[in-house]
Structures are given as C-alpha cells and as structure tokens.
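Please open the model in your viewer and keep the sequence panel beside it. The tour below moves from one selection to the next and says what is found at each stop.

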Amino acid sequence: MNKTHLIINGNDLNIDIQDANTFKGFGLLSCNNSSRLLIDYRIDNPDSYYKMLQIFFGGNRPLCKMVKVELGDDANTSSGTEPCPKRSSDEPADVLRGAGYQLIADVKKINKKIKTCLLRWGEPGYLRSLWINVKKENPDDEVPIAAFEPMYQLYKQTIIAAYEKFGYIFDYVDPDRNETKHPMYRWIKWFAIRLKEDKMHFPIYQFNKIKIIAADQNYETDFGQKMIEDYQLRQLVSATGYHYNTDDGLNDQYKRLADDYQHEVWYSEGIAPMTMGKYRVKASDGSGIGGKQSALDVANRLIKGYVRSRRTCYIFQPAISAYYPGVNYSHKELINASHPWSGFFEVDNVGLQVMKHFTNFAIVGWASEGAWRFITQACESGVGGTENLDSDTDNPSYVTLMAPEKDEFSTIFVNDGSEPRKYIIKLANLDFNNKTIYIWRSTSNGSDNKNYDDNLMSCRESEMVESNKISLIVYPHSIVTATTLNERYNNEILYRRIESNFENKLLFDDPHNNILYRDEFNSERLNCEVPRYITDQGGAFEIVKDGCQRFLKQMIVEKSRALDWEYSYDPNFTFGDDRWNDYDVGICFAFDLDTIQNTSSGNYLGIGLYEQTDVKGELNSAPYIFKVYTDGLCQLIVNFKVIEEEHINNLSMIEIHEIDFGVQGNSIKAQVDGHNIFNYVDLDSPKHSGRVKVGTGYYRTKIFSIIVKKNSKLIQFSRIDNLSYRIEYHGNWNHVCGLGNTVWNRTLSYGTPSGHNETFFKFNFTGCGFNLIGKQEVNSRLSVMVDDQLIDGWLQPSMSTDKSANVSIQGLSSHDHQVTILVVNGGYILDAVSFFKKDQ
C-alpha cells in the first residue's frame, strides 16, 4: 500500500500574514448569462430561489463566501449576454437589467458577511472608440489616457447605483479586462489612485476603501511577476487572481507574493464539476465520483492551487447554472436551475458534499472573521496536470487548516487514483494527545446510481491521538477529512440528499387552450424589465413602456455595439422548454425604420424552432429558421442552409406584422400576416423537440406579443440521461463521462455486439412512445422489443446530430411499457431517452 508521512507542526502556523493564507472557501461567479433564469425563479418560485441561495450561503459553515459579478456590455461573453448598466455616458446606471446585482442583495439577506467583486469582460458601445486598442498586443500604451475617466465612471456609477438600490458596497474591483493576455498596469494604477482619492459627494466612506484585485488572467502568470518588481503596483493592488492554471510562474511569483509580501492570491475562476456525481458512479472506467473534471478533480485543483501558487479562494464558474443547457460551457454546475416555470432544480449532491469536506470543518473567510489558516508545510499535491488534474492521481494530495488559537485543525485528503494510500500523521508542538480525531469520508456506492450517495459525508470512524500520532487510509476515488471538531451530531453537516420540492413539469401556460407560452409584456412582474424566461444570446431585449403600451425591444444598434470579449452574433434570444414538440410560434412585431446604418439588409426578424445546442449563441443554432426582411424577402433555413426563398410584394414597413412559424412531425409551415409562405417536409434529418429562438439585426425591433401553441396531442413530457438508474445495461457497453457540452450531462454510452453475450439495454415507462437520443458515428442496427413484442428486428437509427433523436417509436397504447433495445450490428451511441404521452 502507498504510504505518506506528514508532520503537522503548530509552530508552522503563521497568523502574521493575515489574509494571505486564510482559507476563504468558495465563490459564486455570476457572468455571461449564467444567472439569468434566477430572476424568473425569484419571481415565480421564490421558495426554490432562496433554497438554492441557502445551500451555498446559509448556515454556520457556508460553502461560499464570495459573489463575483460581471459588469456587462450587452455582448455575448461565452454563454450569453450580460446587459450593460449604462449605454451612454449620460444615462444613469441601471442595475436591474441583469441578475447579478439583485443576486448579491438577496445573498446578503442570508449572510451579511459575504464578500463581493466586480469585473468587466468587454467594453460597452459608447466606450468602444476610446478602448478599441484594448485587444491589441500592447494595450497599456495604445489605449489613451483619455479613455480612463469614462471607464472609471462606468464602474463608479454602477457601484453607486447598486448601493442606492440595494444598500451594499463592493469589496473588490478588477479594473482590467477578464482573462487579459496583456495587463494594463498603467490603467490599473490610475484606477486605484482615482478610486482612493475620489472626493465625490457621496455618503459612503467605504467607496474609497474598495480593494483592487487584478488581473484575472487565464493561464498567464506575468502579472504576478510584475507585482514583485513594481512596488507602487504592489501597494495599490490588494489581491491577485488568475484562472484554471493551478501552477505558478517560473519564478514562483505568486508564492512569493503571498509568503513574502502578504498578498491574497485567488483561484478567481475555476470549473464546477462537469457531469453530476450520480451519473459518474456508472462510468465504465471505475472512477466512481472521480475522474477528469469531476468533484474530486476540482478538490485536487483547490489543493494544488494552494500548494503551487497559494490560491486561498476558489470561485466557481458557475456554481448555479441558471441558463438553458446547450449554451457554451453548459452541464458544469453544482446546481442546475433551468426550469423556473416549475420551480424544479437539480443538485449535484456529490459535488456539493466533496466541496463541503473543506468548509464543514473550518472557519472560512478573512482574518477579521477568525478564519482558519493553511499550514503550508502540511500541504502537498503530487497530482499531475495544470488544469485537468488527471495524471499521477495516485500521488499524495492534502491540505491542513488550523484555527488561529491552535486548538483545532482539519486535514483534507483526496485520492482520485486506483490504489489506497495510508497516511501517518505526526503532530508537533500541539497539545492533542488523547484527543479524538474524527474521520469523514465521501466515496461512491459502486455502480448503483439510484443509491449513489450512500457513502457521502459519513463519519464512520475516529482515531485517538497517541504519542502525537494517528494514521488513516484514503481509499481510491474518495475524499477524507480528519478533524478535531466533533460534528457527528451536527444536523447542518450530517448528509441528507438535497432535492427540489417541485416536479420537473413541462412549460405549459394554458393546457386547456393548448398554449405552451404567451407573453404580451403587459404584466409588471415585480417591476422587472426582464422578459419572462427569455435569455439573451446577443444584443439586449428589454421590456419598454411607451405611454400605456409595453413591448419587448431590442436595444443595441451598430453604433452601440460592444467591443466584444470574443465574438457576438446578431441579437437573438432563447426561451422555452427543450422538451417542446409539435408547436406553432406566433410573433407580432414592428420593424425599426428610424435607425439608419450600413447594414440595412440586416433588418429582419427570425424565428428558430427546436433549438437544443447553442454553443455560439446564434439564431442559426436552431435547425429550422424562418426570416422576414424589410424588403419582403423571406427565407427558410434548415440546418444552416437556405432551402427556399420568397418575396412578399409591397410589404408595409409601418404596420405591425404577425409571423407564424410551426412544426408538426416533420412538416414545417411559415406564414406572414395569415398568408402561407413556405410548406416544407424534412425528409433528411427531422428533429423532434427543442426551444424557440428569436433573432433580429442590430435594429430596435419591437415585439408586441409572443405565443407558442401546441398543434398536436403528442406531448414529450420527460427525459432521462443514458446513465440514469432507470436504464439497465447488459453486454458490451462503455459508459463515458466528462465529455463535451453538446451532449446531455456530458455522458454517452457506447454499445457494440460481442460474441455470445448480447448487448442490450432495458427501461420501463408510462406513456405512448419514446425517442432514443444520440449522435451516431457509424451505421448500426437495433432490435426493438416493447412488452415482449418485436417492433422491429433490423431498425437502422438515423445519423442524427447531438441531442437529437435517432429512433422514434410512437403510437403505443397509453399505459406502462417495458422496452428492450438490442444492438444487433455496428456500434450504437445512447445519450438520453425521452418519453411521450397523449394530451387528454
């Protein structure tokens, strides 16, 4: 058995360096649309909303002590658009446009002691010309000083608006751009001095005490080296942070910043676990709750981030994914919150408990709060890799945290390898003889993912300190906390599975009238400017009041386009339930005829149907699109190709128009003002369900109403993952986790026939039909058996795209069914199974 000896020496506790080595726990990053649907939870299902916040920020040992938000710019910053609080130099800052500022206010109702941080990704349109050189190789010299004050005012006025609306002041601000490759040292210094010396007439002295954190680089570490070299920069910048890379620079600059200069260093953006633990336990590689990008991987990142580069705070991007799955970086969260209409949310109980192995057994926070310190000499990470720590996972990995008074300590061990490791711990200069050490463990429960959490956060043993020594074993793919704290009867810490109190119901506004969704934007939902269940992927769509009329308006034109973080497509938004099938979308709208710009041909309104994946944030991510232009041109686009074009003669530009676009089965129909434009049948690769997308050009298009109506009795009411406990596998299957974000939960199951052992899977359901979902890489043949009756013995799945159905079985009687799918020939890939019922 592998063995490691470690010494925990009380004389190594250093409380003089204050916040440079206090354990700050975890943070929640609200950015790039990731919190957008929380607004709807807050309005429609506040019990769910506050329960989610309580999970992260509540109790005596909160998991998270930080909320970091994006200062939006109305551009897509990877998973969606964060609205800008100011769209002109003279517009008052509006902090109600996005979710982040309200989120902080609500978190502070739960825990007043949380810290806050503000960072921008890009630059809003009205600052574009001044900051155009920020994306060049040497922005520090090429962005003029004249650009500084207008940008400072954007930060300042947003911070003041948040205080005036909600009553809090930010603790930290990063003046630079998110994940910059070339930090703007001159600008950071200017900003810090301007902030410190601002003599504005504002009754909050804390404003001048806001701390500077920089530079939120991605993998680069040169900012740390500059901090070492530049005394003035070091005096002005209180904390440094960078993303994903766990290692330090070649000169150990971040270690030196913490150890020699007493500066905070943060893991200022890191992943949340990808693929929930309840699915991971079924992985064929036997990694249990571990593996690449798992909760154990994230735990190893926290440990290695401290050992290698002194990171004392780990911020999840995101902790709560409150956007629609399918956007860039989706299926990466501790809580999935994409169903605000029902209040349903899904907790990764494995990921949550793994992180709580750190925060349940220490006082987390800053020095003024009595936070525990890292004992650097009692921390080690031999795990390989710099971001995904998926090599040398058998090597030692642990950190030790100690109370300032030296009367309590906890050591957290992670073993994501395949062999157990024994730790022999010697205590020195600590009075712990004959004291009990409590051993808490979390690991998987074999491959039974119905009871996947039986072995989470359990205290099943204890060790008495004898002759200043204890020993323990950390088994494969597990995390262990050895602590002096006796928490065996603490109800806050004892594990209970956390689940939503609400059923995951289909979005169906008015079943009696077959209306899936309707909004005329006349309901003032808590004075909210944000439309119901609508998530922007480009541009900014807001509810506007003009006299007695309220409507949805696209706010961004070419002149006000942001200086993108990476890229943005034309303004578009997504809404609805990805289980929707057979529906018609009707939109009443008016073109913008007042805006004169170079892209007149881009003045259109488009509707997309059956969107499932939207990695780039564009209207074209929907497989079926209908677009109408101001000149009367109409286009039908299927899978990125223009299939048909028609012209409407003398289309009035001053009237309100109604577009209707719908799909039933594989038939698609499009109308304008009641006149048929297109009738099309998709015989090549018909899709079966998905959300709605709506897009415009960079014009101030007005939308007066949206209605989505069901046009058949067939309802797709639920879906299960390929690694759900409800699916039983036999034969030659390879279950893989931690894949890309275009497959459900980043999991796939690969089945191939093998010799005399049949390869098949079974499931039960109640309904009238089902879809098998998954992109196929090679031709295969299946045998489909329902209720012991052969439906098809040589069925060929279609070569579908990700998250699309490759087999659809309909017309069954509406009762309980048993299904067996046998892989007869070739290789078959399963991503998910969805189920249908008849609307009564």
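Begin by selecting arginine 719, which counts as partly exposed because its relative accessibility is 25%; here buried means under 20% relative accessible area, exposed over 50%, and partly exposed in between, with a 1.4 Å probe and protein chains only. Before going further, note that this is a predicted model, in which local features need pLDDT of at least 70 and side-chain atom pairs count only at pLDDT 80 or more, while totals for chains, interfaces and linings use all residues. Residues are numbered from 1 along each chain as its sequence is written, and side-chain values use heavy atoms, with hydrogens and water left out.

Helices (H or I, at least four residues) and strands (E, at least two) are DSSP runs, numbered from the N terminus.

Now select arginine 691, whose side chain also meets that of aspartate 578 in a salt bridge of 3.1 Å, N to O. Because arginine 691 belongs to strand S35 (residues 691-696) and aspartate 578 to the loop between strand S26 (572-575) and strand S27 (583-590), the pair ties together parts that are 113 residues apart in sequence. Aspartate 578 is buried, with a relative accessible area of 5%, and arginine 691 is buried as well, at 0% relative accessibility.

**A network of charges**

Next, select Asp74, Arg87, Glu91, Asp94, Arg97 and Glu542, which are linked in a network of salt bridges. Within this group, arginine 97 and glutamate 91 form a salt bridge whose closest N and O atoms are 2.4 Å apart, and arginine 97 is buried, with a relative accessible area of 11%. The count of salt bridges in the model comes to 36.

**From glutamate 542 along the strands**

Stay with glutamate 542, whose bridge partner in S25 is lysine 553. Strand S24 (residues 541-546) is joined to S25 by six bridges, and the two run antiparallel; strands pair if DSSP finds at least two bridges between them. In the turn of the hairpin that S24 and S25 form, with two residues between them, glycine 547 has a positive phi of about 65 degrees. Strand S25 (residues 549-554) is largely enclosed by the rest of the structure, because five of its six residues are buried. On to strand S36 (residues 702-710), which runs antiparallel to S25 and is joined to it by two bridges; there, lysine 702 is the bridge partner of lysine 553.

**A hairpin and a buried helix**

Select strand S11 (residues 335-339) together with S12, and you will find three bridges joining the antiparallel strands, with histidine 339 opposite phenylalanine 344. Both faces of strand S12 (residues 344-347) are covered, with Phe344 and Glu346 on one side and Phe345 and Val347 on the other, all buried. Helix H13 (residues 349-359) is largely enclosed by the rest of the structure, because eleven of its eleven residues are buried.

**The barrel**

Now turn to the eight strands that close into a barrel with parallel pairing, in the order S2-S3-S4-S5-S6-S7-S8-S9. Between strand S2 (residues 26-30) and strand S3 (residues 64-71) there are five bridges in the parallel sense, and glycine 27 has methionine 66 as its bridge partner in S3.

**Two loop residues**

Select serine 621, in the loop between strand S28 (604-611) and strand S29 (624-629), where it counts as buried because its relative accessibility is 17%. Its side chain and that of aspartate 614 are joined by a polar contact of 2.9 Å, a polar contact being a pair of N or O atoms within 3.5 Å, where within protein one must be able to donate a hydrogen and the other to accept it, and residues adjacent in sequence count only if both atoms are side-chain atoms. The side chain of serine 621 also reaches the backbone oxygen of glutamate 618 at 2.8 Å.

Finish at aspartate 831, in the loop between strand S47 (828-830) and strand S48 (832-838). Aspartate 831 is buried yet has no salt bridge, and the nearest side chain of opposite charge, lysine 803, is 6.8 Å away; for charge, Lys and Arg count as positive and Asp and Glu as negative, while His and the chain ends are not counted.

Definitions and conventions
A salt bridge is a side-chain nitrogen of Lys or Arg within 4 Å of a carboxyl oxygen of Asp or Glu.
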